Amino acid sequence: MTAHLRAMDGADQLHGSTVLDSLPYYDNDLEQYPILREKVEKELAREPKPPQSLHPLVPPPYELFKNNPMLAAELARVEAHQPLPPLDTIRYQLPAPTTTPGTDDEWQAALRNAHAQLEHQRIRHTNLALLQSYGANAWRIHNYRLEEAAKQAEKTLEELKEKTVELNRERKNMQTVYGAQLTALETKWTELLSSILQVEMANVALDAEVSRIHKREAELEHM
């Protein structure tokens, strides 16, 4: 069998379509006949480029942090590989009024800043106390969930790999069986075609012999 890549006739051609089938696990024509590979490559080069647009079933790209401009800006900074902006240390300072002795508004602003710093330190102390009490267990639970998620993902991946291997194995076995059947059928077809040609050649020879006998018979009658 020179190739299992062939056009199916019959009903498909009546509808103006051509069905191409192949047995990639069984066909080895490209290895046996290098010229076929060149023809295939030339044919592929003439094929139109695949469309750049995505398939209609592919969902559109999801826009992250659409409703959170701050996180969106931070994501854009990370994607651009830009460094973090320097920390604003002014908010942690207690500047005094710039004038002496200072106006009431300047002292009020300094007082509000001091109250804000004290509140920040109080909240920070509370958070550190909570972290000291519950942080270790929360971190362990978080790590446990991550490990379970990783194990589940690895299990799913292994199952998909096994299904892929099994599917390829079934395809190879099926194509090997069908390829052998097609080879046997084509060999039988070739033998039958050769037999038909031999019969036709024998018929031609018999027709010539019959004509010669009739001609000889006619000559004998006129003698």
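**Close-up views of a predicted model**

**View 1. The whole chain, by its dimensions.** A compact globule of 223 residues would have a radius of gyration near 17 Å, whereas this protein comes to 43 Å. Keep in mind that the model is predicted. Along the principal axes, the C-alpha atoms fill a box of roughly 160 × 40 × 35 Å.

**View 2. The order of the elements.** Here you can follow five helices and two strands. Starting at the N terminus, the elements run β-α-β-α-α-α-α. Among contacts with a separation of 6 or more, 42% join residues 24 or more positions apart.

View 3. Y62, L64, F65 and L71 together make a nonpolar surface patch of about 450 Å². One of these residues, L71, sits in helix α4, which covers residues 69–79. L71 has a relative accessible area of 40%, so it counts as partly exposed.

View 4. Look for R171 in helix α5, which spans residues 104–221. Its relative accessibility is 34%, so R171 is partly exposed. Once neighbours within four places in sequence are set aside, R171 is in contact with P24 and Y25. The pair R171 and P24 is 147 residues apart in sequence, yet their C-alpha atoms are 9.6 Å apart in space.

Conventions:
Residues are numbered from 1 along each chain as its sequence is written. This is a predicted model: local features need pLDDT of at least 70, side-chain atom pairs count only at pLDDT 80 or more; totals for chains, interfaces and linings use all residues. Side-chain values use heavy atoms; hydrogens and water are left out. Patches are made of residues with over 30% relative accessible area and no salt bridge: like charges are joined within 9 Å, nonpolar side chains (Val, Leu, Ile, Met, Phe, Trp, Tyr) within 5 Å. Accessible areas come from the Shrake-Rupley method with a 1.4 Å probe; for residues, only the protein chains shown count as cover. A salt bridge is a side-chain nitrogen of Lys or Arg within 4 Å of a carboxyl oxygen of Asp or Glu. Helices (H or I, at least four residues) and strands (E, at least two) are DSSP runs, numbered from the N terminus. Buried means under 20% relative accessible area, exposed over 50%, partly exposed in between (1.4 Å probe, protein chains only). Contact means heavy atoms within 4.5 Å. The radius of gyration is taken over C-alpha atoms; the globule rule is 2.2 Å times the number of residues to the power 0.38.
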